[in-house]
Amino acid sequence: MSTPTMRAISQSAFGGPEVLEPVRVPRPEPLPTEVLVRVHAAGVNPVDWKTRSGGGMAGVLGQPPFVLGWDVSGVVEEVGFGVTVWKPGDEVYGMPWFPRAAGAYAEYVTAPARQFARKPATLDHLRAAAVPLAALTAWQVLTDTAGVQAGQRVLVHAGAGGVGHLAVQFARHLGAHVITTASAAKHEWLRKLGAEETIDYTTTRFEDAVADVDVVIDLVGDGHDHTSTRSLGVLRPGGLLVAVPSGISPELMERAHAAGVRATPFLVEPDGPGLAHIAGLIDRGEAAIEVEAVLPLEQAAEAHRRGEEGRTRGKLVLGVA
């Protein structure tokens with residue numbers, strides 16, 4: 001009997017978006033404690049195109065060929081031995097396996113059952129697929145890493161991006177005073193999401209406009225105009241810089257120590273219970289996901305091109321089913 005196959009987007013080499021090619025690959029089978037999910041949509045994230053070009057999680061995935069993608073929304077097709085939390089037909093979403101390969105740019109994925117959560121009831125699959133990686137990053141940074149409390153001042157760099165616009169909303173939900181950097185055209189939207197101060201990074205140096213910050217969430221990185229290093233100067237004594245995309249160099253850590261502030265890198269982890277909580281926030285209208293565009297799976301390369309331009313408001317999504 002022949003092995004069932006499925007559509008997927010794979011790459012056989014590192015490089016530009018053109019290395020992403022439609023292929024057919026064997027359909028995975030769930031192991032004990034795993035579920036097989038029929039993917040209806042897959043979110044596209046910066047880590048995807050960084051990995052495609054040889055950065056990001058390329059060191060974890062190893063040499064191509066591989067199938068990119070971690071954001072998934074779909075329907076449970078089959079459950080492995082021992083799974084009791086899901087049954088075929090359940091609508092789920094998740095960020096399975098990260099940073100190991102999940103292969104979300106495909107018709108099916110398998111992963112541990114408890115790395116998924118029930119899809120937000122108020123979102124269709126196309127919008128739900130945009131949530132997991134960005135939302136978990138924002139939520140884990142704010143609650144687990146920074147322990148943000150009501151009344152604290154939180155600065156979110158790149159507030160209009162996928163992680164950023166959720167971090168703005170979650171920080172406001174936690175009772176923080178939220179400040180964010182973004183181009184002027186996005187300020188009104190960000191204020192509606194909960195930002196109380198907006199800084200146009202194209203015209204204003206943020207360190208000239210803000211001070212006495214408790215937590216800086218840097219979603220830009222030191223590689224762009226030394227954003228992390230400059231952020232140390234806006235923190236109050238004992239404040240915390242969380243550098244998401246580029247981490248913390250030894251030199252930056254030394255600067256932070258000398259300035260009397262703290263600095264830490266961060267990498268998101270799969271978290272089914274966290275996604276369940278986030279789904280509740282979304283369904284209660286306390287958080288919203290912005291999707292700029294949905295493209296078919298076969299146009300993954302175009303999605304990467306658009307994402308790498310760095311002007312996306314919210315998220316890009318690939319429709320699969």
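Predicted model: local features only at pLDDT ≥ 70, side-chain atom pairs only at ≥ 80, totals over all residues.
Helices (H or I, at least four residues) and strands (E, at least two) are DSSP runs, numbered from the N terminus.

View 1. Residues are numbered from 1 along each chain as its sequence is written, and side-chain values use heavy atoms, with hydrogens and water left out. W86 sits in the loop between β5 (71-79) and β6. Is W86 buried or exposed? W86 is buried, at a relative accessible area of 11%; buried means under 20% relative accessible area, exposed over 50%, and partly exposed in between (1.4 Å probe, protein chains only). Leaving aside residues up to four places away in sequence, W86 touches V35, V76, V79, V92, A113, F116, A117 and R118, where contact means heavy atoms within 4.5 Å. Take R118 from that list: R118 and W86 are 32 residues apart along the chain, and their C-alpha atoms are separated by 9.1 Å.

**View 2. Inside the largest nonpolar core.** A nonpolar core here is a set of buried Ala, Val, Leu, Ile, Met, Phe, Trp, Tyr and Cys residues joined through side-chain atoms within 4.5 Å. The largest one has 93 residues, and the members touching the most others are W70, Y105, F116, V154, F170, I217 and I278. Helix α4 (residues 132-145) supplies the largest share of this core, with eight residues. Zoom in on I278, and you find Y93, V131, A135, L136, W139 and F170 touching it, not counting residues up to four places away in sequence. Another core, of 17 residues, lies apart from the largest one and includes F206, L232, V234 and L252.

View 3. Most peptide bonds are trans. Here, P64 and P65 are joined by a cis bond with omega of about 10°. P65 belongs to the loop between α2 (58-61) and β4 (66-67). The bond from F98 to P99 is cis too, with omega near 5°. Look for P99 in the loop between β6 (91-94) and β7 (108-112).

View 4. Most residues other than glycine have a negative phi. A158 isn't a glycine, yet its phi is near 60°. You'll find A158 in the loop between β9 (153-156) and α5 (162-173), and A158 is partly exposed, with a relative accessible area of 28%. H226, also not a glycine, has a positive phi of about 55°. H226 lies in the loop between β12 (213-218) and α7 (227-231).

**View 5. Zooming back out to the chain.** The chain holds ten helices and 16 strands. Its radius of gyration is 20 Å, close to the 20 Å that the globule rule gives for 321 residues, so the chain is as compact as a globular protein of that length. That radius is taken over C-alpha atoms, and the rule is 2.2 Å times the number of residues to the power 0.38. Along the principal axes, the C-alpha atoms fill a box of roughly 65 × 40 × 35 Å. Of the 321 residues, 55% are buried. Among contacts with a separation of 6 or more, 68% are between residues 24 or more positions apart.
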